[in-house]
Amino acid sequence: MKTESILATLAYMAKKLGLVELAILAVTGLVCWWLGMRTLTDYSTGLKWAGFAVMVFGLFGLLGGASLGSDFSYQYSKTVMPNSDHARAQQNVADFAAGWSFATWAGLAGILTIVLGYLIT
């Protein structure tokens, strides 16, 4: 197994966050243009709202994924799968970790968007 250096990991994270941030900035710009908010102050306000929206979206993803683990009907439906108890437990942990990962990325993107909104002001 190849180990990555911390710099390679940080470069990957920065590239991924940069692409997400470019998409958020572009969509926010298009929405602001469509709503007639064409000043820099309006765009700054739009970025702040977009940052909060991205963070709330990530939080909903986390809470929705966590609630599946406690839903009896969901857990019961997984018992008809041909997997063992151990495989189902591993899948539950993987689903929970994916929810946290999504929430973390959404939180970082949201915070960066809000900071950019304040810097533009």
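Analyst: Let's start with the core. A nonpolar core is a set of buried Ala, Val, Leu, Ile, Met, Phe, Trp, Tyr and Cys residues joined through side-chain atoms within 4.5 Å. Buried means under 20% relative accessible area, exposed over 50%, and partly exposed in between (1.4 Å probe, protein chains only). This is a predicted model, where local features need pLDDT of at least 70, side-chain atom pairs count only at pLDDT 80 or more, and totals for chains, interfaces and linings use all residues. Residues are numbered from 1 along each chain as its sequence is written, and side-chain values use heavy atoms, with hydrogens and water left out.

User: Which residues make up the largest nonpolar core, and which elements give two or more residues to it?

Analyst: The largest nonpolar core has 6 residues in all: Leu17, Ile24, Ala50, Val54, Ala106 and Ala109. H1, helix H2 (40-70) and H4 each give two or more residues to this core. Helices here are DSSP runs (H or I, at least four residues; strands are E, at least two), numbered from the N terminus.

User: What makes up the fold overall?

Analyst: The protein has 4 helices and 0 strands, which read α-α-α-α along the sequence. Of its 121 residues, 21% count as buried. Contact means heavy atoms within 4.5 Å; among contacts between residues at least 6 apart in sequence, 72% join residues at least 24 apart.

User: How do you know that the span of H1 agrees with its number of residues?

Analyst: The expected span is 1.5 Å times one less than the number of residues. For the 29 residues of H1 that gives 42 Å, and the end C-alpha atoms are 42 Å apart, so the two agree. Just after H1, Gly36 takes a positive phi of about 85°.

User: What about helix H4?

Analyst: H4 covers residues 85-120, and its 36 residues should span 52 Å; the end C-alpha atoms are 53 Å apart, which agrees. Buried residues in H4 include Arg88, Gly99, Ala103, Ala106, Gly107 and Gly110.

User: Why is Tyr12 given the label it has?

Analyst: Tyr12 has 49% relative accessibility, so it counts as partly exposed. Tyr12 is found in helix H1 (residues 6-34). Together with Ile6, Leu7, Leu10 and Met13, Tyr12 makes a nonpolar surface patch of about 540 Å². Patch members need over 30% relative accessible area and no salt bridge, with nonpolar side chains (Val, Leu, Ile, Met, Phe, Trp, Tyr) joined within 5 Å and like charges within 9 Å. A salt bridge is a side-chain nitrogen of Lys or Arg within 4 Å of a carboxyl oxygen of Asp or Glu.

Technical notes
Areas by Shrake-Rupley, 256 points an atom, 1.4 Å probe, with all protein chains shown as cover.
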